[in-house]
Amino acid sequence: MWFDSAALMLFSYSYNSQRKLFREDSDDKEAEDDMNVDESKENEDDEVAHALVAADALGKATQVASVGTDDITDGLKELDMDNYDEEEDGIELFGSGLKDVYYASNDMDPYLKDKDNDSEDDDDMIIRPDDSVIVYATNEDDVSQLEIMIVEDLSDGEISMYVHHALIIPAFPLCTTWLDCPIKGGERGNFIAVGSMEPAIEIWDIDIIDEVQPSVILGGIDEIKKKGKKKSIKYKKDSHTDAVLGLSWNKEYRNILASASADHSVKVWDVTTEACNLTMNDHTDKVQAVAWNPFAPQILLSGSFDHTVCLKDGRKPSHSGYKFSVGADVESLAWDPHSEHSFVASLENGTVSSFDIRAASSDSTSETKPSFTIHAHDKAASSVSFNPLVPNLLATGSTDKTVKLWDLTNNQPSCVTSKNPKAGAVFSVSFSDDCPFLLAIGGSKGNLQLWDISSEDSVLKKYGKYAAQKKASPNS
């Protein structure tokens, strides 16, 4: 830094000396009287003149205060520019190597203050196995991203939630599913599969904060050719050819992922080999949702805009499967985690229907009737979620901006409570596996909402024993 200071000093001295030099040149008589100055004085004046020229070139005329010529001369002598390149013994302007600036750890660096803060910051950047994590897909101003959020301090009755980090993704997200398949090795991973308006499925590692590209891409566009006004698209082998609308990860066969697409097909992928193992074409319109049976992991449901839900056994892909007719486009599907034979389908007309798969028939002329149908919402019932702890407790979300809780005991559904979470049109609801009385809600306003349903008197009155059980659990 001393080089910079010397330069600034030099420019200040030079300009003010320049003003004095102009005054001397304007008086010829005074110049003649000064002809007898000694030689050393003339040399000093020459040095000052050079400094003045430098100042004039740099345009510092209006920025400095008046300083005398003697001051400039003294300053130049002090700098000793004639001997600038000669180093004094024992003085090193630059370090002699890494040994002067490198320390094996921050604790050994005598110049580093607040050393504990670095370790605290590092700890804050780590997602721990016991953290409650919510991944929230958003789009704002044509920028799509995954926000990885941490929920903490639930035991104090206060919900503390913050964005841990965000990953920018290239296309508008339509569906997501979490998977722990060890794509990068080890026993487990922490990944999110994303379906979008593109035909590719991207799988992102959410443990990497600065991730700029997905770990795996399933399918997608291989090449686009243009000839005049015509455009031809070549897709990768076994890829979807339209938007991916639904995803489901198989928790038993952890390398298996199912996808539903606007191209009317359902595909089953092996994420470790990045290959499509199976393609099913059982629908005649867009397929909106897929769901693996948690009790029988080879069984897959798919729901379509053709007003049917199809049940297929992955071990028998040639079998036509079983069809369940519904009254409108299928919006979402969910298996009952407390009953291996039951699932619900939410529909575009606001209804939710439940089916028992034991009543299904492969006879296309025989229609399987639902166990019950709820007229749940005034607009599309966009999402459903079963509570993982409390049997017969179902949450539904709708584009009518409401979220409702339903008790389904004995196939006689009743509304326990409802809420407008101020999220806009609700697109997604999901109960937490770790905190079953916490419901995450996403909507058109783009802000994540959390509903602690144990704060509702009607919920505690009906399911209080489960809330007490969860609080007494050492893993809660």
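**View 1. Strands β15 and β16 pair in this predicted model.** Strand β15 covers residues 299-304, and strand β16 covers residues 308-313. The two run antiparallel. Five bridges join them. Look for S302: opposite it, in β16, stands C310. Strands of a sheet pair through backbone hydrogen bonds, either parallel or antiparallel.

**View 2. β15 and β16 belong to an open sheet of four strands.** Read the order as β14-β15-β16-β17. The pairing is antiparallel. β14 (287-292) and β17 (322-325) stand at the edges. Each edge strand has a single partner, so one side of it is left without a neighbour in the sheet. From one strand to the next, the twist averages 20 degrees.

**View 3. The largest nonpolar core has 19 residues.** L405, L439, I441 and I453 have the most contacts inside this core. Several elements each supply at least two of its residues: β23 (393-398), β24 (403-407), β26 (426-431), β27 (438-443) and α6 (457-472). The largest share, four residues, comes from α6. In soluble globular proteins, nonpolar side chains tend to be buried together.

**View 4. I453 is shown with its contacts.** Its neighbours within four places in sequence are left aside here. I453 is then in contact with N387, L393, L405, F431, F437 and V459. I453 and L405 are also among the residues with the most contacts inside the largest core.

Key
Residues numbered from 1 in each chain as written. Predicted model: local features only at pLDDT ≥ 70, side-chain atom pairs only at ≥ 80, totals over all residues. Heavy atoms only, no water. Pairing = 2+ DSSP bridges. Axes fitted to C-alpha atoms, helices over the stretch in contact; angles between N-to-C directions. Core = buried A, V, L, I, M, F, W, Y, C linked by side-chain atoms within 4.5 Å. Buried < 20%, exposed > 50% of the residue type's maximum accessible area, 1.4 Å probe, protein only. Contact = heavy atoms within 4.5 Å.
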